[in-house]
Amino acid sequence: MMELDSLYQEVILDHYKHPLNKGLSEEYDVQVHHINPSCGDEITFNLSTEGGIIKSITWDGVGCSISQASVSIASDLLLNKTLEQAGSIAEVFIELMHSKGTKDGDPLVLEDAVALAGVSKFPARIKCALLGWMAFKDAAVRIKQLKEPDTRGSN
Ligand code: ZN
């Protein structure tokens with residue numbers, strides 16, 4: 001295993017062994033499937049909103065501990081946020097993953113996701129950590145298209 005702070009490693013392993021929101025809900029607004037071929041990580045991600053607020057995130061997947069822990073963390077952190085808030089948090093996380101180990105991440109914003117900060121030092125693993133967040137971003141775009149259809153040009 002790569003060298004991460006041992007406390008952080010524990011957070012990651014805990015999410016991997018006891019994932020949050022794992023198991024796909026039968027009802028959802030949008031479902032996306034994302035893969036990370038370089039590692040063999042794969043997830044299906046269900047998202048539901050109500051009045052612009054994330055009401056449900058469920059997922060299922062297989063892959064390395066980093067990828068699966070990261071989806072678990074995202075599914076918990078983004079729940080009950082507005083799509084805009086969740087989108088901003090995702091951007092902060094993505095920036096952290098591209099920081100090449102120069103940033104620790106703000107625990108007030110990222111909570112358990114700061115445990116993944118050290119992954120940014122390992123280019124081959126960044127896609128593992130980002131998989132769930134990219135799935136969220138994709139699902140968020142689709143849900144906006146579904147629920148706030150662009151009406152320009154309809155008049
Ligand atoms: Zn992976």
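For the labels I used DSSP runs numbered from the N terminus, helices being H or I of at least four residues and strands E of at least two.

Before going on, I noted that this is a predicted model, where local features need pLDDT of at least 70, side-chain atom pairs count only at pLDDT 80 or more, and totals for chains, interfaces and linings use all residues. Residues are numbered from 1 along each chain as its sequence is written, and side-chain values use heavy atoms, with hydrogens and water left out.

**Entry: the sheet**

Next I looked up how S2 (residues 41-50) meets S3: the two run antiparallel and are joined by 9 bridges. Two strands count as paired if DSSP finds at least two bridges between them. I checked two positions across from S3: Glu 50 stands opposite Ile 53, and Ser 48 stands opposite Ser 56.

I then traced the whole sheet, which is open, has 3 strands in the order S1-S2-S3 and pairs antiparallel. Strand S1 (30-36) and strand S3 (53-62) are its edges, each pairing on one side only. From one strand to the next the twist averages 20°; axes here are lines fitted to C-alpha atoms, for helices over the stretch in contact, and angles run from 0 to 180 degrees between N-to-C directions.

**Entry: the helices**

Which strands does helix H2 lie across? I found H2 (residues 65-77) across S2 and S3, running at about 165° to S3. Helix H5 (residues 123-147) lies across S1, S2 and S3, at about 35° to S2. Contact means heavy atoms within 4.5 Å.

**Entry: the zinc ion**

I listed the protein donors of the zinc ion: Cys 39 (SG), Asp 41 (OD), Asp 41 (OD), Cys 64 (SG) and Cys 128 (SG), at 2.1 to 2.7 Å from it. Donors are N, O and S atoms within 2.8 Å of the metal (3.2 Å for Na, K and Ca); water is not among the atoms, so sites may look incomplete. The spacing of the donor residues in sequence is C-x1-D-x22-C-x63-C. Cys 39 sits in the loop between S1 and S2 and Cys 64 in the loop between S3 and H2, so this pair ties together parts 25 residues apart in sequence.

Are these cysteines buried or exposed? Cys 128 is buried at 0% relative accessible area, and Cys 64 counts as buried at 15%, while Cys 39, at 34%, is partly exposed. Buried means under 20% relative accessible area, exposed over 50%, and partly exposed in between (1.4 Å probe, protein chains only).
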